[in-house]
Amino acid sequence: MKCVLIVEDDKEIAAIERDYLEINHIQAEIASDGGMAMEMMKSKRYDLLLLDVMMPFKDGFQLCKEIRNTYDVPILMVTAKTESVDRIRGLGIGADDYILKPFDPAELVARVKAHLARYDRLTGGSKDWVALPKETEKDIAIEDLYIVPKGYKVYVRGEEVKLTIVSKHKVNF
């Protein structure tokens, strides 16, 4: 089951988003601010983020930049900021879509499903695919196989396979 992280400080809006997603068989968890969202992302892989722009402590624009520097995950901004400059800014810093409040919950679910499907197509749709932090983006993950070229390591189903280095020639991936 897909899991969405809702980052929203308004508890009523977050509950509406969560309820509509769960009715449509998409698991959803809520973070009430950017700091909480980053902590949650460190401990769990989310398939998509719904991100409010106007939040306390760290706004959605700052959080979007931070997430884009570390994770590769679809981000949909859900906000009351209606100026085109805000939409352009959000999309320019890495958001994949921008949904204006008040929103139609059915449209929100349709957009979430469309982005999840697009992301599955781009990543091969493997259930075992793991979102890698960007500092390891040259690592390769294919189902049960995980290769770390820089460290000369290979893992199969989480177990390291011992390799013998035959040549000291550098291999570029």
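1. The structure holds 0 disulfides, a disulfide being a pair of cysteine sulfur atoms within 2.5 Å.

2. A word on the ground rules. This is a predicted model, in which local features need pLDDT of at least 70 and side-chain atom pairs count only at pLDDT 80 or more, while totals for chains, interfaces and linings use all residues. Residues are numbered from 1 along each chain as its sequence is written, and side-chain values use heavy atoms, with hydrogens and water left out.

3. Now the overall layout. The chain has 5 helices and 9 strands, in the sequence pattern β-α-β-α-β-α-β-α-β-α-β-β-β-β. Both kinds of element are DSSP runs numbered from the N terminus (helices: H or I, at least four residues; strands: E, at least two). Of the 173 residues, 38% count as buried. The accessible surface is about 10500 Å², and carbon and sulfur atoms hold 54% of that; the areas come from the Shrake-Rupley method with a 1.4 Å probe, and for residues only the protein chains shown count as cover.

4. Which order do the strands of the open sheet take? The order of its 5 strands is 2-1-3-4-5, with parallel pairing; two strands pair if DSSP finds at least two bridges between them. Strand 2 (27-31) and strand 5 (97-100) stand at the edges with a single partner strand each, so one side of each has no neighbour in the sheet. On average, neighbouring strands are turned by 20 degrees against each other, direction ignored. Axes here are lines fitted to C-alpha atoms, for helices over the stretch in contact, with angles from 0 to 180 degrees between N-to-C directions.

5. Within that sheet, strand 1 (residues 3-7) and strand 3 (residues 48-51) run parallel and are joined by 4 bridges. Valine 7 has leucine 51 as its bridge partner in strand 3. Helix 3 (residues 60-70) lies across strand 1, strand 3 and strand 4 (75-79), and runs at about 175 degrees to strand 4.

6. The largest nonpolar core has 24 residues, and Leu5, Met41 and Ile67 are among those with the most contacts inside it. Such a core is a set of buried Ala, Val, Leu, Ile, Met, Phe, Trp, Tyr and Cys residues joined through side-chain atoms within 4.5 Å. Another core, of 16 residues, lies apart from it and includes Ile6 and Val109. Methionine 41 touches Leu5, Tyr46, Leu49, Ile67, Tyr71 and Val73, leaving aside residues up to four places away in sequence; contact means heavy atoms within 4.5 Å.

7. Most residues other than glycine have a negative phi, and most peptide bonds are trans. Histidine 25 has a positive phi of about 65 degrees and is exposed, with a relative accessible area of 63%. Phenylalanine 57 has a phi near 75 degrees, sits in the loop between strand 3 and helix 3, and is exposed at 79% relative accessibility. The peptide bond from lysine 101 to proline 102 is cis, with omega near -5 degrees.

Methods
Buried means under 20% relative accessible area, exposed over 50%, partly exposed in between (1.4 Å probe, protein chains only).
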